[in-house]
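Please look over the model shown below; the report that follows takes up selected local features in turn.

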Amino acid sequence: MKSKILPLVLVAIMCLQLTNCNTDDVSNELLDPVAVTVPVIKSKSEIRNSIQVKAAQPTNSDGKIYVYNDLLFYIAQNSGIHIFNNQNPENPQNIIFIQLEGVHDISVKNDILYADNFMDLVVFDISNVSDIELVNVEEDMLLYYATFPEDSLYYQSNIYTSNEDEFVAEYTTIYMERTEVENNPEMFWNSFSIFESDVLALDAGINIGTGGSYAKFQIYNNALYTLDDYKLNTFNITDYNSISKVSETWLGGWFGGELETTFILKEYMFIGATNGMHIVGLQDEFNPIYTSSFTHSTGCDPVVVEGNTAYITVRGGNTCGAIEDQVNIIDVTDINTPVEYSTYFLSSPYGLGIKNHILYVCNDSGINVFDAQNPNEIVLQNTIETTSKDVIPLSSHLIAVGENVIHQYNYTDNFGLELISTLQF
């Protein structure tokens, strides 16, 4: 997914071949500061000891949203989980913060919250939100690789872990003079990627929350599913005090593309990948079976499903690939053979949601509202100006999340949305 950068020596060769190449520009470029990737080493034991439940906190970290009963969760990436009492969506109350530095995703079942903390799976009892309890930490149960920056020319190689308690938590970018970098034997040219990171069918008595279209955690019956880059992991959470991994379903490595998002409808999981959508059968919840795929050129694409129709936003450009931005509408009536209904071209689509044949798609212009009654030709009916990147369309109202902001909207006639509250961080 990382773009390769043309080495400076090739630029110099091109200059010798082109009469209009300005050697002064090359000389100036040699003096410019360059981006250097530096690993950030942290201690597992310190991370584990830092888990705390605190009073409500402000946040300045980008995040995801999750809904469980009257609770609204803002999953602040690499920071923690902000919990809001959302019984009155017009006036949500910030009530509790779970300090969890390595969190990226959560899922909740019957008042038990599951979250990642870098490589650990942590479990909280939230039955009493005024007294949340950490009940289990399954150490080293998840695969974790820090995301490598896309804009760095060099990598500093003399910073590394020295024992089993240490790990690379993240990569940061610093800028140094080019001559200083090129004369340093510890600086490697980064011409390739070093690392890459990172409506449910409910049985009676099971209460499971709802995440947005970028969710990588899902619960189905007594199974918790998480995504790595190329495989689906299945955990048995029948006893949340003793969780075990029971299976791995490899998808990306065989079918190409990295796995990005999950969505469950009835007995199937729909996985958004950089090369399309994979469908996995959950008839045996602990042993998911690959069923079928719909593939396209490389792009970033979450997926949601309603009835027999799947909707995929595909965003190209940058690390997402060269495919043109679009929304794919897929017929999954025959689950073994997904067939494309239609394609709608839309600039820079991100997250999406579907409710009662109304499709909500976030892009740079706002939330685009489509009439999706006819999947062969969805029709844009409205655009709500906002900076949201994902949505959760509940039966009562719609929740949208942007960078450090959550908006909540009532549904109105004629495909409208009426703003009822904003949480600005």
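His357 is partly exposed, with a relative accessible area of 37%, where partly exposed lies between buried, under 20% relative accessible area, and exposed, over 50% (1.4 Å probe, protein chains only). This is a predicted model, in which local features need pLDDT of at least 70, side-chain atom pairs count only at pLDDT 80 or more, and totals for chains, interfaces and linings use all residues. Residues are numbered from 1 along each chain as its sequence is written, and side-chain values use heavy atoms, with hydrogens and water left out.

**Positive phi values**

Although His357 is not a glycine, its phi is positive, at about 65°, and the residue sits in the loop between β27 and β28 (358-363); strands here are DSSP runs (E, at least two residues), numbered from the N terminus. Ser348, also not a glycine, has a positive phi near 50° and belongs to the loop between β26 (339-344) and β27 (352-355). Ser348 is buried, at 14% relative accessible area.

**Aromatic pairs**

The structure holds 6 aromatic pairs, counted where ring centres of Phe, Tyr and Trp (its six-membered ring) lie within 6.5 Å, with planes under 30 degrees apart called stacked, over 60 edge-to-face and the rest tilted. Two of them are set out here.

| Pair | Centre to centre | Angle between planes | Geometry |
|---|---|---|---|
| Phe118 and Tyr144 | 5.1 Å | 75° | edge-to-face |
| Tyr360 and Tyr411 | 6.1 Å | 40° | tilted |

Tyr360 is buried at 4% relative accessibility, whereas Tyr411 is partly exposed at 26%. Phe118 counts as buried at 4%, as does Tyr144 at 14%, and ring pairs link Phe118 and Tyr144 with Phe167 into a cluster.

**Thr249**

Thr249, found in strand β18 (residues 244-250), counts as buried at 9% relative accessibility. Its side chain reaches the backbone oxygen of Pro288 at 3.3 Å. Leaving aside residues up to four places away in sequence, Thr249 touches Tyr230, Lys231, Leu232 and Pro288, where contact means heavy atoms within 4.5 Å.

**Second largest cavity**

The second largest cavity has a volume of about 60 Å³; a cavity is a set of points on a 1 Å grid over the protein atoms alone where a 1.4 Å probe fits but cannot get out, and lining residues have an atom within 4 Å of a point. The lining includes Lys64, Asp105 and Asp390, and its largest share, 3 residues, comes from strand β3 (residues 63-68).

Terms used
On a 1 Å grid over the protein atoms alone, a cavity is a set of points where a 1.4 Å probe fits but cannot get out, and a pocket is an open set with protein on both sides within 12 Å along at least five of seven lines; lining residues have an atom within 4 Å of a point. Grid points are joined across faces, edges and corners, and a volume is the space filled by probe spheres set on the points. Helices (H or I, at least four residues) and strands (E, at least two) are DSSP runs, numbered from the N terminus. A polar contact is a pair of N or O atoms within 3.5 Å; within protein, one must be able to donate a hydrogen and the other to accept it, and residues adjacent in sequence count only if both atoms are side-chain atoms.
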